[in-house]
Structure formats: structure tokens, C-alpha cells
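Work through the exercises below with the sequence and the model at hand. Try each task before reading its solution.

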Amino acid sequence: MPPRLTPLRLNLLRLAAQLTRAGGPPSAAELARAAGLTEATMSFHLRALAELGMVERRGARGRLHLSDQARAAIQDGIPIYGQVAAGAPILAEQAPDHVTPSLDQLLGVREGDFLLQVRGDSMTGIGVMDGDYVLVRPAPQVLDGEVAVVLIPGENAATLKRVYVFGDEVVLVSENPDHPRRTYPAADVRVQGRMVARLGLAGPRPLTRRA
């Protein structure tokens, strides 16, 4: 008889998700202790969960990682309710299509990435508003036209701009016509990283005029 996703096994998945959020994927022994089960009993249930495609062991210590299927089963994450129209209206779905395990996974966060809060309105043309957060991936250089965090020479301050290199000069371009482009010697500009995502809070936003 194939294994079933029993209420106990669902609870083990929920407990594994809680432990993962608290300190990273647990080992089988750690999950057994947290659940109040013997390691032999835990091994039996983990074999069943592995057959069901719910968990897998990774790394030298065999840490337990939940699959997307498992996270959907325990509703661990933010529900995604299909799509929303920004033009003609469409009907909103009442049941989620699936669940994203975490904002980290949704944004594709990697080790070393960090958040910065934006101050100012120089990048509103690409939807980056004052008070938003941008996810930055450290990099010593970026491709022409990429949005990056750079240190401004002589100002001891960082700014978020599109970066272009022309010979021995770097041009920083805003996404707001009220802010002029700025040019610096390439040797004086230090790229800190590229913007890979933006997080904005809902609320009134100023309209950006387009030429």
C-alpha cells in the first residue's frame, strides 16, 4: 500500500517549516525531538514523506528540505491568486493557484543580497518610489544601462541610478526628467551592486509625467 499524507505527517511538515524559518532546515533528529517522537518513528514517517515527494535530504548532515508540493499542502507561504488586469478588468479568482514558499524565493534572493530603502524621487520612471525597498545583488561592475547602487566620489554617499560607461567617464542617469544626468571620472565611481527587485508598499503614488 502506498504511503498516505496522514494528519501526523502534515503536522510534521508544518513543524519542519517552522524550524526552517527559525534556524534553517532541521535534521531528522532535531525534528524528532521537536515532535516528541523517537528517531526510529521519525525515520519511518520521513521515508513515507520522501516517497510522497514532500521532503528530501540535502547536504552532509542530511538536512530536511520541504518540496513546493509540501509547502502547498500545509499552505506555508503567500497565496497567489492568479493574475490581475492593469487594463481591462478580469474576474478575480477565489481560490489560490498555488503558494509561494517565501518572499526570498519569489524574489530569487541569493546569499549576500541585501535591501536598501530608497529616499528621493529620481527613479520614479521605473516605479521606484520614495520609501520603497530595493533588493541589491553585490557586484563590482554592471552592464551598461543596468540600475545599480554606486558610491558618489567626494560625497561619501550612495545613489541608485542607471549606469553607463563612456571611456574614462561614468554617466549616472535618473528615471525622472527633473533630475539631470551626472558624469564622473570612472576611476572615482564605485559600484556596490545591481538592483534585482523592488518592494513597494500600497498607497497613493505621485504620477510621473512622460515626455
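Predicted model: local features only at pLDDT ≥ 70, side-chain atom pairs only at ≥ 80, totals over all residues.

**Exercise 1.** Find the buried residues of helix H2 (residues 28–35) and state what covers them.

Solution. 
Step 1. Ala28, Leu31 and Ala32 are the buried residues of H2. Buried means under 20% relative accessible area, exposed over 50%, and partly exposed in between (1.4 Å probe, protein chains only).
Step 2. These residues cover an arc of only 100 degrees around the axis, so they lie on the same side of H2. The arc is that of the directions from the helix axis to the C-beta atoms.
Step 3. The cover over them includes H1, H3, strand S1 (55–58) and strand S2 (63–66).

**Exercise 2.** Describe how helix H1 (residues 7–23) is placed against helix H3 (residues 39–51).

Solution. 
Step 1. The two axes come within 11 Å and cross at roughly 90 degrees. Axes are lines fitted to C-alpha atoms, for helices over the stretch in contact, and angles run from 0 to 180 degrees between N-to-C directions.
Step 2. H1 is therefore roughly perpendicular to H3, a label for angles of 65 to 115 degrees (under 35 is roughly parallel, over 145 roughly antiparallel, the rest oblique).
Step 3. H1 contributes Leu8, Arg9, Leu12 and Leu13 to the contact, and H3 contributes Met42, Phe44, His45, Ala48 and Leu49. Contact means heavy atoms within 4.5 Å.

**Exercise 3.** Is Ser174 buried or exposed, and which residues does Ser174 touch?

Solution. 
Step 1. Ser174 is in the loop between strand S9 (169–173) and strand S10 (182–185).
Step 2. Its relative accessible area is 11%, so Ser174 is buried.
Step 3. Leaving out residues up to four places away in sequence, Ser174 touches Ser122, Met123, Lys161, His179 and Pro180.

**Exercise 4.** How many salt bridges does the structure hold? Examine the pair Asp113 and Arg137, then the pair Arg198 and Asp132.

Solution. 
Step 1. There are seven salt bridges. A salt bridge is a side-chain nitrogen of Lys or Arg within 4 Å of a carboxyl oxygen of Asp or Glu.
Step 2. In the pair Asp113 and Arg137, the closest N and O atoms are 2.9 Å apart. Asp113 is in the loop between helix H5 (103–107) and strand S5 (114–117), Arg137 is in strand S6 (residues 133–138), and the two are 24 residues apart.
Step 3. Asp113 is buried, at 15% relative accessible area, and Arg137 is also buried, at 14%.
Step 4. Arg198 and Asp132 form a salt bridge with an N to O distance of 3.0 Å. Arg198 is in strand S11 (residues 190–199) and Asp132 in the loop between S5 and S6, 66 residues apart.
Step 5. Arg198 is partly exposed, with a relative accessible area of 38%, whereas Asp132 is buried at 1%.

How values were computed: Residues numbered from 1 in each chain as written. Heavy atoms only, no water. Helix = DSSP H or I, 4+ residues; strand = E, 2+ residues; numbered from the N terminus.
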